[in-house]
Amino acid sequence: LQMLERQVVGGEQAENKDLREKQKRRKKYADERRMQLAAALQQADEESSDWVLLNVYDSIQEEGRAKSKLLEELQEKLRAADTEIKDLQSEFELEKIDYLSTIRRLERDLMLFQQLLDQAQTLIRRDCNYSNLEKMKHESVWDEETGCWKIPEPVTEKT
């Protein structure tokens, strides 16, 4: 009888390892589920002021006051969200204006450098490799490490 009692615990076989593992998995799952439910209940308690419909009221005036209070809270949240939206829009607009002014300034600088190159190109000797700007552009290579262009060295051909 004692031997049978040792083998059977809580209606299960004590020596069955698969049964014990299954029981451990079930217990672990139940603990995880309990933790999730506790977190959900805690969150629901924090948000309980938003759920006026779940409350029971003694009078219509009390219900009206509670709903008015909820309405005021929601309107305050709405005003805060509207303010945040306006702030973000104004910030975006300022960034857009800044980007556009930077683009315009860079375009003006590019035009200046292009005009300077056009004027200086006429002064370069024809037997120098710098006399042909298109060829120089083709031979130039962008260096990622230094963040600048590698331009070929000036060479004068003797004829």
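This is a predicted model: local features need pLDDT of at least 70, side-chain atom pairs count only at pLDDT 80 or more; totals for chains, interfaces and linings use all residues.
Biologist: In what order do the elements of the protein chain run from the N terminus on?

Modeller: The chain holds four helices and four strands. From the N terminus on, the order is α-β-β-α-α-α-β-β.

Biologist: What percentage of the 159 residues in the protein chain is buried?

Modeller: Buried means under 20% relative accessible area. Across the 159 residues of the chain, the buried share is 7%.

Biologist: Among contacts between residues at least 6 apart in sequence, what percentage joins residues at least 24 apart?

Modeller: Contact means heavy atoms within 4.5 Å. Take the contacts in the chain between residues at least 6 apart; the share that joins residues at least 24 apart is 23%.

Biologist: Which element gives the most residues to the lining of the largest pocket?

Modeller: The pocket holds about 480 Å³ of space. Two elements give two or more residues to its lining: helix H3 (60-121) and helix H4 (133-139). The top contribution is six residues, and it comes from H3.

Biologist: How many residues of the lining of the largest pocket are nonpolar?

Modeller: The lining has 14 residues, and Leu117, Leu133, Met136, Lys137 and Ile151 lie nearest the pocket centre. By class, the lining has one charged residue, three polar ones, and a nonpolar set of 10.

Biologist: Where does the largest pocket lie relative to the domains?

Modeller: Check which domains supply the lining. Both domain 1 (18-123) and domain 2 (128-154) give residues to it, so the pocket lies between domain 1 and domain 2.

Biologist: Is Cys128 buried or exposed?

Modeller: The cut-off for buried is under 20% relative accessible area. Cys128 has 13%, so Cys128 is buried. Cys148 has 37%, so Cys148 counts as partly exposed. The structure holds zero disulfides. For Cys128, then, the class is buried.

Biologist: Which residues is Thr156 in contact with, leaving aside neighbours within four places in sequence?

Modeller: Thr156 is found in the segment after strand S4 (148-150). At 37% relative accessibility, Thr156 is partly exposed. With those neighbours left aside, its contacts are Arg125, Asp127 and Cys128.

Biologist: How many Å apart in space are Thr156 and Tyr130, C-alpha to C-alpha?

Modeller: In sequence, Thr156 and Tyr130 are 26 residues apart. In space, their C-alpha to C-alpha distance is 8.9 Å.

Methods: Residues are numbered from 1 along each chain as its sequence is written. Side-chain values use heavy atoms; hydrogens and water are left out. On a 1 Å grid over the protein atoms alone, a cavity is a set of points where a 1.4 Å probe fits but cannot get out, and a pocket is an open set with protein on both sides within 12 Å along at least five of seven lines; lining residues have an atom within 4 Å of a point. Grid points are joined across faces, edges and corners, and a volume is the space filled by probe spheres set on the points. Ala, Val, Leu, Ile, Met, Phe, Trp, Tyr, Cys and Pro count as nonpolar, Asp, Glu, Lys and Arg as charged, and the others, Gly among them, as polar. Domain bounds come from an automatic or database domain assignment. A disulfide is a pair of cysteine sulfur atoms within 2.5 Å. Buried means under 20% relative accessible area, exposed over 50%, partly exposed in between (1.4 Å probe, protein chains only).
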